[in-house]
Amino acid sequence: METISHTSQAKPNYLNADYGLKSWLLTTDHKRIGILYLISISVFFVLGGFFAMLIRLELLTPAGDLVLADTYNKLFTMHGVVMIFLFLLPAIPSVFGNFLVPMMVGAKDLAFPKLNLASWYIFMIGAGFIMYSVITGGLDTGWTFYTPYSTTYSNSNVVAAALGVFITGFSSIFTGLNIIVTVHRMRAPGLTWRRLPLFIWAHYATSVIMVLGTPVLAVTIVLVALERLFHFGIFDARYGGDPLLFQHLFWFYSHPAVYIMILPAMGVISECIACFSRKRVFGYDFVAMSSIAIAVLGFLVWAHHMYVAGISTYAALIFSLLTFFVAIPSAVKVFNWTATLYKGSITFETPMLYVFAFIGLFTIGGLTGVFLAAVGIDLHVTDTYFVVAHFHYVMVGGTVTAFLAALHFWWPKMTGKMYPENFSKASALLVFIGFNLTFFPQFLLGYLGMPRRYHAYPAEFQVLNVLSTAGASILAVGFLMPMIYLAWSLQYGKDAGDNPWHAAGLEWKTSSPPPTFNFDETPTVTWEAYNYDEIDAPGGPTHNKGVEVAG
Amino acid sequence: MPDNQVATQDLKHHFADLEHQKATSTFGMWIFLITEIMFFGGAFAAYLVYRLYYFNAWVAGSQTMEIKLGAINTVVLICSSLTMVLSVHFAKLGKRKLTAICLLLTLLLGCTFLGVKAVEYHGHWMHHEVPGPNFHFEHEGNYDPHQVMIFFSLYFAMTGLHALHMIIGAGLLIWLLIFNARGRFTPEYNTPVEMVGLYWHFVDLVWIYLFPLLYLISHSHNG
Amino acid sequence: MSSHAHHPTVKTFVAVWIALLVLTAVTVYVATLDLGPLNPIVALTIATVKALLVLLFFMELRYSTALTKVGVTAAIFFLLILIWLTLSDYLTRGWSSYIHPFH
């Protein structure tokens, strides 16, 4: 074990190693690239949130009085495209995966540092095309680019947006490739697979999906572009083409993509829950394997998005059955996290508050997903707000919540500074209340039959919509607060020290912020993951955490 | 153990030694090829679905293909795979001249393939077989000529993507030739040659399936 | 793990090359015969043999780590899943009419 340095300011680290814009834009340091990603996706999160705000404002009243129907179509499309392709997909893997995976495996960097930098540039170029489409009149196909609307009828700038999605896909592939190779080839001596943090397992599974799924989306987009530009007829029913084939190919990627968004979040939860319960994650092997199981099963369920689209009854039933299976590894995770809490020394720092929020919200989001997997229920609620509420419980209640947990948990490591605990707890509370107030009414709306993607609705739905819009305002405050106090903490935050949480994991054994090559010496691992019993044992490094320590 | 004899410029800071670095690069390249399998796989899936649905149109479309040109291109590509594998082999032995010759031959064969492909494309163009508003197909038999257009759509999409990969491969070969001329490859460090080799063989592999699927399997069927 | 003890020789490469040329000749010849449903089966079998030759010898998969082999197998597995489950829809669309009692 290395000595704990309280004078990390003086030590050279990745932030003060070099100065100037050029030193950032040409860096191959995985930590700096992680920060570049963090800044980029934060901007896109605000932009996507801005579109969401306009949507909620329009829905405050039953009449379509704020924007035209066409504009509304563009708003929900751009909200979806920006949030999914420019925020949720890269959010955790490209920011925290980039920053933490090499440190967690005890490596100096990812296996291919230049490829890593290239992936950020590719991401920004793809984002540029999407932004071009947004600026030049917007996109109105829905984020799913369904044919034949996207190929034949839409007058918006489909090709630029599709090209942007195609290009950001490469960024995703390169990140996934880098993580897979790093986990296989760059682990420190003694760090066996079963000693890896569950964060690594989750990111490994995510990367497998990125590598296997994204190319299918890429070729599908190529076919859509060819169809739109040259009228190829592959998805055009006038020529005998089948629009449903697009949906098959699209969802072969885009359903697993949902797991690209949620699996890394699950990895974050495993890290945080172990630390703030001072316990090894219950059933480590099962949690690790459930990540792999989700990645594999995730490829077998895609057509549950297409029950009413015209697929055969037989296929619908098969996909329904297969979809139920995904609930098993997801439930394994939730039950094991809950069991980890049992007899743990639980404390309620901000990341842990987000963990509790995650477990509750993900459970609701996941279970409503099981409802939707059943063909009979899905026929009733397809394309209603029930579906919207379901995936926002998973994507916002799950992924964004875990993203915030990760941001607070590793902020001291990334910056060397502590965030103000009172403000962060208040914002966590606002996020939780605001989120539920926004999206729970949407379950009710959907069940009552309010369809999604309309800018006007019957008057009897107004009360629930007003609740939802009110919740969205609270949620917006909850999201804005961290941006302010985290920025504030960069200048005025207390020095964090190397390991403020007394957490296990190799990333906490180096200084905060870490030096450019992460470790002064390559560590040799002789302990199991989450060895909190050893850390908290008498004579262990835990001192004043307010935890009951025997002796 | 880092070997001090090797050119240290080739060893990146985060690897223990060149062996570690090379094995890592190879594994990374294979992962990339896995994404390529899935990329072309999506198009193959579309091809299969439509072949099952529009069998007669598929037979008619397939029978317009010039088997002779397809076969010539197959042979050209197989020969280029041999010269590619030999250039990797000679690069590993540090034989710069032989490496250069083999790389050059690979490049020439690759360009030959693209040339023949261009001749084929030109023929389809002249026969109005390019999908779009000007598509026209003299049909006899029980099928809609639009379905033949879907066949040609997939034909152009698949062979076009394949040709694009060939063009990228040709660019990589030129890059290798320049680096080889500068003496950058040694028996210790020749990873780029090997990586481009893997890529080139993969492109060959795609053609190995495209050739029978597009040209052969319906050739003698009496629709 | 990564030692290349059994490195293929020029002789192997030339032998594989000849095999590929012969298989190409065979598959082109078979295409001129009308074997009905056997045509695609023969052609794709030959293609697969050729692909395996390229994979195992030219791409040296035979001498690669188990990990690489597992990776390639996984990709083919997931590609087959894509094709198989997509076809599970297309090939069964006609079935729905049979369960309609009034058809």
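Start at helix α2 of chain B: the elements covering its buried residues include α1, α5 (145–181) and α6 of chain B. This is a predicted model.

**Stop 1: α2 of chain B**

Select residues 55–62 of chain B, which form helix α2. Six of its eight residues are buried, so the helix counts as mostly covered. To see the buried ones, pick Ala57(B), Trp58(B), Val59(B), Ala60(B), Gly61(B) and Ser62(B).

**Stop 2: His89 of chain B**

Move to His89(B), in helix α3 of chain B. Is His89(B) buried or exposed? His89(B) counts as buried, because it has 21 C-beta neighbours inside 10 Å and the cut-off for buried is 20 or more.

**Stop 3: where chain B meets chain C**

Show chains B and C together. How many residues of each are in contact? There are 36 from chain B and 36 from chain C. On the chain B side, α1 (18–53), α3 (67–93) and α6 (191–216) each give two or more residues. The most come from α1(B), which gives 13. Colour this side by class and it shows 25 nonpolar, nine polar and two charged residues.

**Stop 4**

**Stop 5: chain A as a whole**

Chain A has 16 helices and zero strands. Its radius of gyration is 23 Å, close to the 24 Å that the globule rule gives for 551 residues, so chain A is as compact as a globular protein of that length. The C-alpha trace spans about 75 × 45 × 45 Å along its principal axes. Of the 551 residues, 58% count as buried. Among contacts between residues at least 6 apart in sequence, 85% join residues at least 24 apart.

**Stop 6: α13 against α14 in chain A**

Select residues 385–415 and 421–448 of chain A, helices α13 and α14. Their axes are 7 Å apart and the packing angle is about 170°, which means that α13(A) runs roughly antiparallel to α14(A). The crossing of this pair is left-handed. Residues of α13(A) in the contact include Tyr385(A), Phe386(A), His392(A), Leu404(A) and His408(A); among those they meet in α14(A) are Ser424(A), Phe435(A), Gln442(A) and Tyr447(A). The contact has 14 nonpolar, six polar and no charged residues.

**Stop 7: α7 against α9 in chain A**

Next take α7(A) with helix α9 (residues 284–297) of chain A; the two pack at about 10°, their axes 9 Å apart. That angle makes α7(A) roughly parallel to α9(A). In α7(A), the contact includes Leu198(A), Trp201(A) and Ile209(A), and in α9(A) it includes Val287(A), Ser291(A) and Ala295(A).

**Stop 8: loops of chain A**

- Pro148(A) sits between α4 (113–135) and α5 (149–153); the peptide bond from Thr147(A) to Pro148(A) is cis, with omega near 0°.
- Pro513(A) sits between α15 (462–492) and α16 (532–535). A cis peptide bond joins it to Ser512(A), with omega about -15°.
- Arg278(A) is in the loop between α8 and α9. Its phi is positive, about 50°, although it is not a glycine, and with 23 other C-beta atoms within 10 Å it is buried.
- Arg453(A) is in the loop between α14 and α15. Its phi is positive, about 70°, again in a residue that is not a glycine. Arg453(A) is partly exposed, with 13 other C-beta atoms within 10 Å.
- Tyr342(A) is in the loop between α10 and α11 (350–373). With 10 other C-beta atoms within 10 Å, Tyr342(A) is exposed. Leu464(A) is 122 residues from Tyr342(A) in sequence and 37 Å away, C-alpha to C-alpha.

Note on methods. Residues are numbered from 1 along each chain as its sequence is written. Chains are lettered from A and ligands numbered from 1 in the order in which they are written. This is a predicted model: local features need pLDDT of at least 70, side-chain atom pairs count only at pLDDT 80 or more; totals for chains, interfaces and linings use all residues. Helices (H or I, at least four residues) and strands (E, at least two) are DSSP runs, numbered from the N terminus. The radius of gyration is taken over C-alpha atoms; the globule rule is 2.2 Å times the number of residues to the power 0.38. A residue is buried if 20 or more other C-beta atoms lie within 10 Å of its own, exposed if 12 or fewer, and partly exposed in between; C-beta atoms are placed from the backbone. Two residues are in contact if their C-beta atoms, placed from the backbone, lie within 7 Å. Axes are lines fitted to C-alpha atoms, for helices over the stretch in contact, and angles run from 0 to 180 degrees between N-to-C directions. Angles under 35 degrees count as roughly parallel, over 145 as roughly antiparallel, 65 to 115 as roughly perpendicular and the rest as oblique. A crossing is left-handed if the near helix is turned anticlockwise from the far one by less than a right angle, and right-handed if clockwise. Ala, Val, Leu, Ile, Met, Phe, Trp, Tyr, Cys and Pro count as nonpolar, Asp, Glu, Lys and Arg as charged, and the others, Gly among them, as polar.
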